[in-house]
Amino acid sequence: MIQTTHQNYLLQTVSRWLLLVAVFVGLAGTPALAQTQKAGGRVLDEGGNPVNGASVREKGGRRGTATDAGGKFTLQVRPGATLVITAVGLESQEIAAGDNIEIRMKGHNAALNEVVVTALGIRREKSQLTYSTQQVKGDALTATKETGVLNALAGKVSGVQITSSSGQPGASSRIVIRGTSSLQGNNEALIVLDGVPINNTQNGNAAGVATTPTSSNPSSGVGGTSRLSDIDPSTIESINVLKGSAASALYGSNAARGVVLITTKAGSLDKKPTVTLNSQYSFENPILPEIQTKYALGDSGYKYFDGDILKGSTVWGPPIDSLVKAGIVKYNKNPMKAFFTTGHSYTNTVSVGGGAERSSYFFSYSNLNQTGIVPTTNFKRNAMFAKFTNRITDQITATLQLNFTLSNNHSIPEGYDLTDPLWTVYTSPASWNPLPYLDASGNQRVFRFSRNNPYWDLYNVYNNSKTSRFIPVLTVNYRPATWLSFTERVGADTYSQQADYYEAPSNVLGTVGAIAQLSTNYRQVNHDLIGQVNRQFGDFAVNFLVGNNINTVYNQTHQILGTGTSILNFDNVTNGATIVGKEYYTLTRKIGFYAQANVDYKKFLNVSLTGRYDGTSVLATNKNFYPYGSASAGFIFSELLKQPAINFGKLRVSYSAVGNDNVGAYSLTTPYTQATSFPYGGQTGFLLSSSLGNPYLVNETTKESEVGLEMSFLHNRVGFEVSYFDRHHNNLLTQNVPIAASTGFSSTSLNSADMTNKGLEVLVNASPFKGKNFGWDLTLNYTRIRNKVTRINGGTQQLSIGQTWAFVGMPYGVFYNYGYARDSATHQILVDDGGLPKISSGNVIIGNLQPDFLAGMNNSFYYKNWTLSFFFDYRKGGDILNSDDRYGFFYGTPKVTENRKDLVVKGIVASTKQPNTKVVTAESYYQRLNTIYEAAMQDGTYLKLRQASIGYKLPAKTIAKTPFSQIGLTLTGRNLFIDAPHFTGSDPEVSSYGTSNGSQGVYGNTVPTSRSFNLTLNVVFK
């Protein structure tokens, strides 16, 4: 823990703020001229709303001020002076100075001059930014009809990769910006909601699916929900992605991995209530991989097993058609098509927003009810959001917002566990009918031993999760002078979750039944105190910001496991004959002090400097404070060129160094853990953890250089943005690093590695046609990132990360497992004397999960009241371990095994070094491939038609006499087309291990992706 007392911290904070106020007062002093006159008035936008923070300065002079929350200003100027008014996102104006004047500001037409939200929730004009950022409007998010925020972003932002874990309702998603930055720590971007960091970890399963729950391992495995699914997409105004370290340095350590800024909707001043009703219905059909359904349960091509009297596990039997003709078989159905069903989603949202002269409000309620493509699975979410802003005085404005969500998730286990029904479905024969799943005696009907009937699993093995989440944020802005403001923001992210796992006893598996309960209480409290100065000194505009941040995270988990259940369908842990409980508790704290200076010269030269000093409780006590910062500049050269064809041109450069404490709590110490098989005889036993604590851990550092070019042409009809970055991640904090067994421990945590990411990002915007009745907008994005691990501690060349590895000199995410044995001279496959490929003597490198590049293309058309859009997404390369096929090779179910002709394996015989001529059966060949992981490595290249929609709005004159000001209907399709020429699974974008680090790129035994169609009715009341 940080060795700073609360009293000392308060004294330090007070002294810093006293110094800050003194500096501000000093900046306020500007010489006054003897002969002046008073100028004053109000600045409004096109809609008549007051413009807060607009710059008002005397042309040719040094005097300047800014408008208050009501858009009002006063300024002493020379007689006959001209005022220059500028505001973010609005066209500048010049007007003769006077008293009580009203100035109406027009919005910019250029897309590059849009207003975006930057670090700490500060709004700035995009043209003035000195770093790379990309904004996605809320309308573009809701147009995807995704129930989760992250999935709605997929493919839309350059430099960002998003993967989902499964097609189950509420399944987790993972977001990585500008490539992998940690070997075993968190690689996901920081999520910030209206200035407050929120949690996006994956949880929700009380028991794992990688192994059957036991008292020593009740929570291993995959699955669960990432917590960003609690946020209702319809409440989002925009999402801004801060990609580079220079953009995100002010947010502290967690921002080293990039930041996703979510800005929610708000009401408007002086506007009557606007009520909006949005109702959606969608149905989802599974995108199933092809399997062979030509051959029956059996062996050797002629042996047939009926699955009832004669059981077996392989589908290498005779052709089903021959058995049907002989009257032996009457059932013949694709087991996947029989098992999966059509899913349905219903979403209803009502919102109301408006405001009076000094206040505004926005309220939203949304109900989501989704049933999955796996029978019995579902996800339900009730989300309520409210935001209220009030100008208490001319100097004080306060905003209070509340986000409350209740969600319920019912799911099946996924992954490599005998209780996962998909493992059985994906290797089932088409010749055996699994229904009814119980016989006349009430016992399971199975075609093979050691696997439950998948339909029995649906009702007897499942996960339930209930989550209650509350995110309150209070922001108070105090502006004692037009050039000076203070912002106090305090927010919390709290949720409680009850996750239950139920598994009935199974005579087939020989299990006794288990019930696991996982109760989680999470609380993150974030506080920022920010002071800002905005001054105009002739042609120079100066913004200076200082602030203090305190972030505390509390996480407590209670886990109870009951094994040996006796009462069926009684989902209570007391149903277990043996009950074992555990408690996990962490408390971490961060303190940060930060500053930023922005200097603008004549709106074409911008320089930005940031600095931050962080303290954290998870690092060594004498090394837990560390400084970092950034410097960036932007040069708008189009202001000097004055070329009519070039509307905008900006060159920007930046350099940043960001510290990070990316390691778990209490890694400094060696904790005790409960010993295996305890409690025993009523006695509890504990042992030291096998992972040795390291009290000398220090922060890791990300250093990044970036250069970018932004341009627009032809009256802003065509524009592009290109960024090149070079990131170096040094002293990476790595857990579970193996150490010598002679120490008495198996692993420890170390500052053990270095890694680099170099990349190119391209964004192109074009409007080939733009007219009154017809228009076409086109957006293209491209991302190319090259990652390399450059060092691992102590000269080690490789480090295991679950099912993937890190190798020095290679990209992160190496697949290192059994491959083909190859001749060292010719690299040909070696074949044994029986004619089958030989297995490598040990692990070999067989692939890497990093893609060559990512790209996306979005087209939007409008014709009068009609709209049409479609979005293509493309990935080139990136290897995938298709475990469904690897297991299926043994059973004979992948589509490739349908060709059952005898074959000769191409290669050379290991014993003779001569070309192989031995003929082998397809069954023996593919069952050998089952043991060779390399045979299941597949190229993950894909092209997706991710989204297409067509919409129509009723003409205004048609509904003029109705209570409605707008009525619209939209039909949207998702995943309408997926072309993955080298991948035989459902969706190459899916990574079965969700947000976890260790096994990205592994695909196996998960619910497939769905193709869906959505119909949306949107109604706005007058």
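1. Let's start with the five-stranded sheet: this open sheet runs in the order 10-17-18-13-14, and its pairing is mixed. Strand 10 (133-137) and strand 14 (196-198) are the edge strands, each pairing on one side only. Neighbouring strands here are turned by 25° against each other on average, direction ignored. For the terms: strands (E, at least two residues) and helices (H or I, at least four residues) are DSSP runs numbered from the N terminus, and two strands pair if DSSP finds at least two bridges between them. The angles run from 0 to 180 degrees between N-to-C directions, with axes as lines fitted to C-alpha atoms, for helices over the stretch in contact.

2. A word on what you are looking at: this is a predicted model, in which local features need pLDDT of at least 70 and side-chain atom pairs count only at pLDDT 80 or more, while totals for chains, interfaces and linings use all residues. Residues are numbered from 1 along each chain as its sequence is written, and side-chain values use heavy atoms, with hydrogens and water left out.

3. Six bridges link strand 1 (residues 37-44) to strand 4 in the antiparallel sense; Gly40, for example, has Thr74 of strand 4 as its bridge partner.

4. Now for the backbone. As background, most residues other than glycine have a negative phi, and most peptide bonds are trans. Arg178 is not a glycine, yet its phi is positive, at about 55°. Arg178 sits in the loop between strand 12 (173-177) and strand 13 (190-193), and Arg178 is buried, with a relative accessible area of 0%. (Buried means under 20% relative accessible area, exposed over 50%, and partly exposed in between, using a 1.4 Å probe and protein chains only.)

5. Leu714 also has a positive phi, of about 50°, without being a glycine. Leu714 belongs to the loop between strand 37 (700-713) and strand 38 (718-738), and its 52% relative accessibility makes Leu714 exposed.

6. One peptide bond deserves a look too: Leu435 and Pro436 are joined in cis, with omega about -5°. Pro436 is in the loop between helix 7 (421-425) and helix 8 (454-460).

7. Ala577 lies in strand 30 (residues 576-601) and, at 66% relative accessibility, counts as exposed. Leaving aside residues up to four places away in sequence, Ala577 touches Thr563 and Gly564, where contact means heavy atoms within 4.5 Å. The C-alpha atoms of Ala577 and Gly513 are 9.7 Å apart, although 64 residues separate the two along the chain.
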